[in-house]
Amino acid sequence: MSASDDVLVILQEEGTARRELGERLRERDSDLRTAKEALRFRRYVAIQRSGCWEWTGGLFRNRAGQPYGRFRLRGKSKRAHRVAFETFIGVIPPGFQIDHLCRNTPCLNPAHLEVVTARIN
């Protein structure tokens, strides 16, 4: 398989992943209430070979300097990984945080996110 074939396979896989992401964003009751919001959110997601769904939009850094995705939604700034978790998995209980199992903080892949206490995170 040539390098151009590898690129074609990646692009096809990314296209499939983006379609699935768009469908799931529209199916769930989440912060993303309209198709327009879901499409705008999806525009900032890049599917990586590692399986991470990396946020390419605005970032903010926490006190430790780690970058996290930031998404502006109806006049409010939201953490992109929390929007993704609540869209694909469900509500984050009060007092809990989202841990990135992949250790890539801009990642939004729900398979890489889990709810934990602050002590565990």
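**Stop 1**

Select Asp 99 to begin: its relative accessible area is 6%, so Asp 99 is buried. Buried stands for under 20% relative accessible area, exposed for over 50%, and partly exposed for what lies in between, with a 1.4 Å probe and protein chains only. The model is predicted, so local features need pLDDT of at least 70 and side-chain atom pairs count only at pLDDT 80 or more, while totals for chains, interfaces and linings use all residues. Residues are numbered from 1 along each chain as its sequence is written, and side-chain values use heavy atoms, with hydrogens and water left out.

Arg 103 and Asp 99 form a salt bridge, with 2.7 Å between the closest N and O atoms. The term salt bridge is used for a side-chain nitrogen of Lys or Arg within 4 Å of a carboxyl oxygen of Asp or Glu. Is Arg 103 buried or exposed? Arg 103 counts as exposed, at 60% relative accessibility. Arg 103 sits in the loop between β6 and β7 (113–117). Its phi is positive, near 65 degrees, in a residue other than glycine.

**Stop 2: the whole chain**

Zoom out and colour by secondary structure. There are three helices and seven strands in the chain; these are DSSP runs numbered from the N terminus, helices being H or I with at least four residues and strands E with at least two. Starting at the N terminus, the order of the elements is α-α-β-β-β-β-β-α-β-β. The chain has 121 residues, of which 36% count as buried.

**Stop 3: Glu 37 and Arg 74**

How many salt bridges are counted by this rule? The count is two. Select Glu 37 and Arg 74, which form a salt bridge with their closest N and O atoms 2.5 Å apart. This pair connects distant parts of the chain: Glu 37 belongs to helix α2 (residues 35–42) and Arg 74 to the loop between β4 (67–73) and β5 (76–79), 37 residues apart. Glu 37 has a relative accessible area of 12% and is buried, whereas Arg 74, at 43%, is partly exposed. Arg 74 also has a positive phi of about 50 degrees, although it is not a glycine.

Stay on α2 and select Glu 37, Ala 38 and Phe 41, which are buried in this helix. Looking down the axis of α2, you will find its buried residues within an arc of 100 degrees, so they line one face of the helix. The arc is taken from the directions that run from the helix axis to the C-beta atoms.

**Stop 4: the largest nonpolar core**

Next, select Leu 32, Phe 41, Val 45, Trp 53, Trp 55, Phe 71 and Leu 108. Of the 13 residues in the largest nonpolar core, these touch the most other members. Contributions of at least two residues each come from β1 (45–47), β2 (53–55), β4 and α3. The largest share, four residues, is supplied by α3. A nonpolar core is a set of buried Ala, Val, Leu, Ile, Met, Phe, Trp, Tyr and Cys residues joined through side-chain atoms within 4.5 Å. In soluble globular proteins, nonpolar side chains tend to be buried together.

**Stop 5: helix α3**

Select α3 itself. Which of its residues are buried? They are Ala 80, His 81, Val 83, Ala 84, Phe 85, Thr 87 and Phe 88. Because seven of the nine residues of α3 are buried, this helix is largely enclosed by the rest of the structure. Just after α3 comes Gly 90, with a positive phi of about 155 degrees.

Arg 70 counts as partly exposed, at 37% relative accessibility. From Arg 70 to His 81 the C-alpha to C-alpha distance is 8.4 Å, and the two are eleven residues apart in sequence.

**Stop 6: the largest pocket**

For the last stop, select Phe 60, Asn 62, Tyr 68, Arg 79, His 81, Arg 82, Gln 97, Ile 98 and Asn 121, which line the largest pocket. Here a pocket is an open set of points on a 1 Å grid over the protein atoms alone, where a 1.4 Å probe fits, with protein on both sides within 12 Å along at least five of seven lines; lining residues have an atom within 4 Å of a point. The volume of the largest pocket is about 190 Å³, counted as the space filled by probe spheres set on the points, which are joined across faces, edges and corners. Both α3 (80–88) and β6 (96–100) supply at least two residues each to its lining. By type, the lining has three nonpolar, four polar and two charged residues. Nonpolar covers Ala, Val, Leu, Ile, Met, Phe, Trp, Tyr, Cys and Pro; charged covers Asp, Glu, Lys and Arg; the others, Gly among them, are polar.
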